[in-house]
Amino acid sequence: MSQCDMIRTNPSVLSFIDDLYKAHERKENIQLKNFSSGQFLLQQGQQVARTLVIKEGITKCFLSEENDKDYIVEFLGEGETLGDIEVIRNIKCLCSIQAITPVKAYLVSIPFFKSLMNENFEFNKLLLGEFAERIINTSTRASFQQLYTVESGLARLLELQAQQNITISKEDMAAYLGVTIRSLNRALKNLK
């Protein structure tokens, strides 16, 4: 798993949505919105009002557990769709999505998203590809975390931070690695 694998992107979906946005006359169906760093795009447990596709920027996708601990499932970048599973299954948000950097995202109305799913073969193919990629990424990440040390994962996170010129808080690093801040600090000390 390389650093670039740590931020999921989907250029094919982004290209499709970019073209659709440029060609679509009814702008209420698809809009472009800016989100500032720290702003939530979706919140766990809330009803989805629209699906989103990230145009620019990096977000974190995380679960908040009953013990007030967060677990970062993944970092999402350009072309990643948000709220799609919830709309398809008609359920509330499974995870929260929060901007780490400033983010631009397309907001796609639910009726328009559903019509694309029902009528557009290319869009369906892109969605199925994204769902398959999510399964692959989840299993790859789970095996990496089982087979390698916390220090290995931390080294990758620190490289990602430098490569993307972003700041990932200690809390987010710990939440991504699935460890406590204390364990993270020990791993940081061991890396030095």
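The paragraphs below go through a helix, an aromatic pair, a lysine and the cysteines.

This is a predicted model, in which local features need pLDDT of at least 70 and side-chain atom pairs count only at pLDDT 80 or more, while totals for chains, interfaces and linings use all residues. Residues are numbered from 1 along each chain as its sequence is written, and side-chain values use heavy atoms, with hydrogens and water left out.

Leu14 and Ile54 are 40 residues apart along the chain, yet their C-alpha atoms are separated by 7.5 Å. Leaving aside residues up to four places away in sequence, Leu14 touches Ile54, Lys55, Glu78, Gly79 and Tyr106, where contact means heavy atoms within 4.5 Å.

Aromatic rings come next. The structure holds five aromatic pairs; rings of Phe, Tyr and Trp (its six-membered ring) pair if their centres lie within 6.5 Å, and planes under 30 degrees apart count as stacked, over 60 as edge-to-face and the rest as tilted. One of these pairs, formed by Tyr21 and Tyr106, is tilted, with 5.1 Å from centre to centre and 50 degrees between the planes. This pair links distant parts of the chain, since Tyr21 lies in helix H1 (residues 11-23) and Tyr106 in strand E9 (residues 103-109), 85 residues apart. Tyr21 counts as partly exposed at 22% relative accessibility, whereas Tyr106, at 2%, counts as buried.

How is Lys60 placed in strand E5? Lys60 belongs to this strand, which spans residues 59-64, and counts as buried because its relative accessibility is 10%. Its side chain makes a polar contact of 2.7 Å with the side chain of Asp172; a polar contact is a pair of N or O atoms within 3.5 Å, and within protein one must be able to donate a hydrogen and the other to accept it, while residues adjacent in sequence count only if both atoms are side-chain atoms. The charged end of Lys60 also sits over the ring of Phe62, 5.1 Å from its centre, a description that requires NZ of Lys or CZ of Arg to be within 6 Å of the ring centre and within 35 degrees of the ring normal.

Finally, the cysteines can be examined. With a disulfide defined as a pair of cysteine sulfur atoms within 2.5 Å, the count comes to zero disulfides. Cys61 is in no disulfide, and the nearest cysteine sulfur, that of Cys95, is 3.8 Å away. The sulfur of Cys93 is 8.5 Å from the closest cysteine sulfur, in Cys95, which is too far for a bond. Cys61 is buried, with a relative accessible area of 8%, and Cys93 counts as buried at 5% relative accessibility.

How values were computed: Helices (H or I, at least four residues) and strands (E, at least two) are DSSP runs, numbered from the N terminus. Buried means under 20% relative accessible area, exposed over 50%, partly exposed in between (1.4 Å probe, protein chains only).
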